[in-house]
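Dear colleague,

Please find below the structure that I am handing over to you. My notes on it follow directly after.

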Amino acid sequence: MKLFFIVFLIIIIATLSYVSWHVWHVLPLPRWQRWTVVGILIAAFCTAFLNLGVTDRLPMSLATWCYETGWSMFIVMLYLCIIFLVLDLGRLCHLVPREWLHDNPWTSGAIAVLLTGVLIYGNLNYKHKERVELTYTTGKPLDRDYKIVMLSDLHLGYHNRRAELDRWVEMINAEQPDHVLIAGDIIDMRIRPLIEDHMADGLRDIQAPVTACLGNHEYFSSHPKALRFFKEAGIQLLRDSAMQVGPFTFIGRDDRMYRHRKDLRLLTEGIDSATYTILLDHQPYHLEEAEQCGIDLQLSGHTHEGQVWPISWITHALYECAYGEWQRGSTHYYISSGMGIWGGKFRIGTQSEYVVINIKRSR
């Protein structure tokens, strides 16, 4: 983990330096104005690191601004880096004249318009929540057909506030589900905004039993406080445990952040094989384990499908299945891209979604 953060920091510094250097050169402005623009760019980017502890000491409105500005700048930097890399590659291939990258109002204007358009699209796309409907048929003895709403990665916090949660709850209740299952990361980075916005009350407005497993962000957000929040919100938390509800057995794994989490084989020992088994496991690693244990359906999240392109290419390379439906043997899987999001509120090449799962009897 320590090595990961060192590499991450090196990449951040290199990207920030590369983008700042290009911005300084391309702007058709006096020297002091260029330094001002670059300084504002760097300062806005650095506000993201206030979330490492300082944010909780700020007034809520200022803390929200710092969070949204700082983490949005990660997306801005990513796309500025891509644009300048393309221009540099074009220059090396003698397709882009050198003067395009120096004191050029047309290049500066084109980059500003392109970047603004991409960010507006990404924000509007994030606000739209896609309804994904799945149907699974089973020969197990269900007394009737069931409807389950599955969510993951709500990331409630400084950016996804109470008004947003209330909108999501309305969508869930409109489905009139028998159960609501949440595959981790209900909390984003800090617990404070959930407490001050009374989000536990908002979650209690869900008109169906709610069962959830932990995600890695629950550990980031002060683990003991997160556990208290789940209890106040009326959420049945499964931590390396199983629970039978009618014809279903819900199994919730602790997150991989917890090094001593139990083996899935231990969790499935003694469960009624006649029940329809649904596994909640936040991070979709080692999908073969669910197949080996005879799980009917595994629900996961975590990946966000990369959240924005081209990071989605990386997640698809890292995971056996980074998004969508999957099957191994008789075990079905669904890896959700998530209802909410961490960081900047942009979805580019991915979608925010909630999943409606129909479990039907064989006819």
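Strand 9 and strand 11 (residues 331-335) pair in the parallel sense, over 4 bridges; strands here are DSSP runs of E with at least two residues, helices are runs of H or I with at least four, both numbered from the N terminus, and two strands pair if DSSP finds at least two bridges between them. The model is predicted, so that local features need pLDDT of at least 70 and side-chain atom pairs pLDDT 80 or more, while totals for chains, interfaces and linings use all residues. Residues are numbered from 1 along each chain as its sequence is written, and side-chain values use heavy atoms, without hydrogens and water.

Within strand 11, Tyr333 is the bridge partner of Gln298. Strand 9 also pairs with strand 8 (residues 276-280), in the parallel sense over 3 bridges, and there Leu279 stands opposite Gln298. From strand 9 (residues 297-300), Leu297 and Leu299 point one way, Gln298 and Ser300 the other, and all are buried (under 20% relative accessible area with a 1.4 Å probe, protein chains only; exposed is over 50%, partly exposed in between).

The structure also holds 13 aromatic pairs (rings of Phe, Tyr and Trp, the last by its six-membered ring, with centres within 6.5 Å; planes under 30 degrees apart are stacked, over 60 edge-to-face, the rest tilted). One of them, Tyr146 with Phe248, is edge-to-face, at 5.0 Å centre to centre and 90° between the planes. Tyr146 belongs to strand 2 (residues 146-151) and Phe248 to strand 7 (residues 248-252), 102 residues apart. Both Tyr146 and Phe248 are buried.

Yours sincerely
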